[in-house]
Amino acid sequence: MRHGSPPGTPERTVVLRGGGPSGERVRLGVHDLVNGTFSTLRTFYYRQTLDADALQDSLRRTLAHYPLLTGRLERDADGGLSVVCGDAGAVFEVSRSDHAMPDHGPDRPAGQDLRRYVRSVNPFRVVGHDTPLLTVKVTHMRGGGSVLGVAINHSVVDGGAYLGFLLHWSRVHAGQDRPAPLYDRRLIDGLADEARPAPDDPQYAVVTGRQKFGFFWKVNARARHVRTLTVRFTAREVLALREAARAGQDRYRAPASSGDALGAHLWRVLGTLRDRAPDAEERLGIVVGLRERLKERLPDDYGGNAVSNTTAVLPSRELREEPLAHAVQEVRAAVDRVTLARVRQETAFLDAQRRAGRSNRVVSRMALDAFEGTVALNNVSRLPVYAVEFGAGRPFWSEYPASLIPWTVLVTPTPDDDYSRDVHLSVPRDAADALRGPEWSARLRDPAGRLGRP
């Protein structure tokens, strides 16, 4: 679909309910509150046409296991949020496009057209309103093929829980029901009782209302200058980076993973591109899932937000000039700092802010520093995105919205489900132009992780 073309003709819009109102009021956890009330959304592109009637029926049956997704958000007395499980419903829409299915891929992303395939809601009219927390839109393309767009309020799920819901739905669609996931927020919030809250936190800042407004104003004002380009790294390129990192490691350290090597390499390339002063502090903010850290008390299919972040720091000269293994070592050290003890301290800090009525003023430091010296890395390449199948084959492409915040890196799997990776780089326009050129493109593709001089 070309940008500027009609979004398609709606065929029907229905409200689907699940297992009926339970009367339960689920208080969201402190890690849920950090995300605000914006939606997290994806689009999935299928060569064959999806059966919308069958999808509607299987979604209705799946929702019986997900009372939060058919509930509504309400404000708590201390400023926190709860989901009232009254089975008010999720929205399911079917539309038809006049355009043929584009051949999307890393060289032809959906870009701004992505939002045409998703039914959006106003994030500022969610709390206290009859606004659905889940919307699903199926768009049938001219000549065959369908796009599935799914948006879930981010205060209810993280990326893992989002995909867990879709995989559950796909299994129900295939006649393979499974137990409902646990969503009790006390599984994580209970950690706050095991630590004394500190007055400050290394990863989160409590800002004033004016500072928060200023940050979002800056994001929106500069968003038109941010460009997102997608680069596919083949399995051979990713594994070559891993071997280059391992070859330069100290023997007593655990071998570098492919994710560590790719993340460190991208950090080095972007740090070199910015060409800041040699002693300037370069930071890599890394999104870290907590399910592995909390595996003794948190199920893999936990249906809420279980994500934190950590920061790797190097002087600009070291990042640019030292071998890849040096940056990998700092990346791994930063990730290893996310221990159970650290999660306890973080949870206690966030819980203290909620009890003080300040949850809406807690902002990640890596987001606040986006316009300074931080690159934000979110590697979701282990999520089985391309396993979301509804009887019409696997999707040939899946896409996330482009980030409005500069110097953001998103790493996703590819349809091949191997070591290849799609890397989505959201950077200022001049940086995007440079990365598309032969000199910086060669630096991105260097299998040994060398930067050299253009």
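Predicted model: local features only at pLDDT ≥ 70, side-chain atom pairs only at ≥ 80, totals over all residues.
Strand 8 spans residues 146-153 and is mostly covered, with eight of its eight residues buried. Its side chains point two ways: Ser146, Leu148, Val150 and Ile152 lie on one side, while Val147, Gly149, Ala151 and Asn153 lie on the other, and all are buried.

## Pairing partners of strand 8

Strand 3, residues 39-46, pairs with strand 8 in the antiparallel sense through eight bridges. Within this pairing, Leu41 has Ala151 of strand 8 as its bridge partner.

Strand 7, residues 134-142, also runs antiparallel to strand 8, and seven bridges join the two. Here Val138 is bridged to Leu148 of strand 8. Strand 7 and strand 8 form a hairpin with three residues between the strands, and in this hairpin Gly143 takes a positive phi near 90°.

## Packing of helix 12 and helix 13

Two packed helices are described by the angle between their axes and by the distance between those axes. For helix 12 (residues 429-436) and helix 13 (residues 438-445), the angle is about 75° and the axes are 5 Å apart. Because of this angle, helix 12 is roughly perpendicular to helix 13.

The contact involves Ala434, Leu435 and Arg436 from helix 12, which meet Pro438, Trp440, Ser441 and Leu444 from helix 13. By class, five residues in the contact of helix 12 with helix 13 are nonpolar, one is polar and one is charged.

How values were computed
Residues numbered from 1 in each chain as written. Heavy atoms only, no water. Axes fitted to C-alpha atoms, helices over the stretch in contact; angles between N-to-C directions. Helix = DSSP H or I, 4+ residues; strand = E, 2+ residues; numbered from the N terminus. Parallel < 35°, antiparallel > 145°, perpendicular 65-115°, else oblique. Contact = heavy atoms within 4.5 Å. Nonpolar A, V, L, I, M, F, W, Y, C, P; charged D, E, K, R; others polar. Buried < 20%, exposed > 50% of the residue type's maximum accessible area, 1.4 Å probe, protein only. Pairing = 2+ DSSP bridges.
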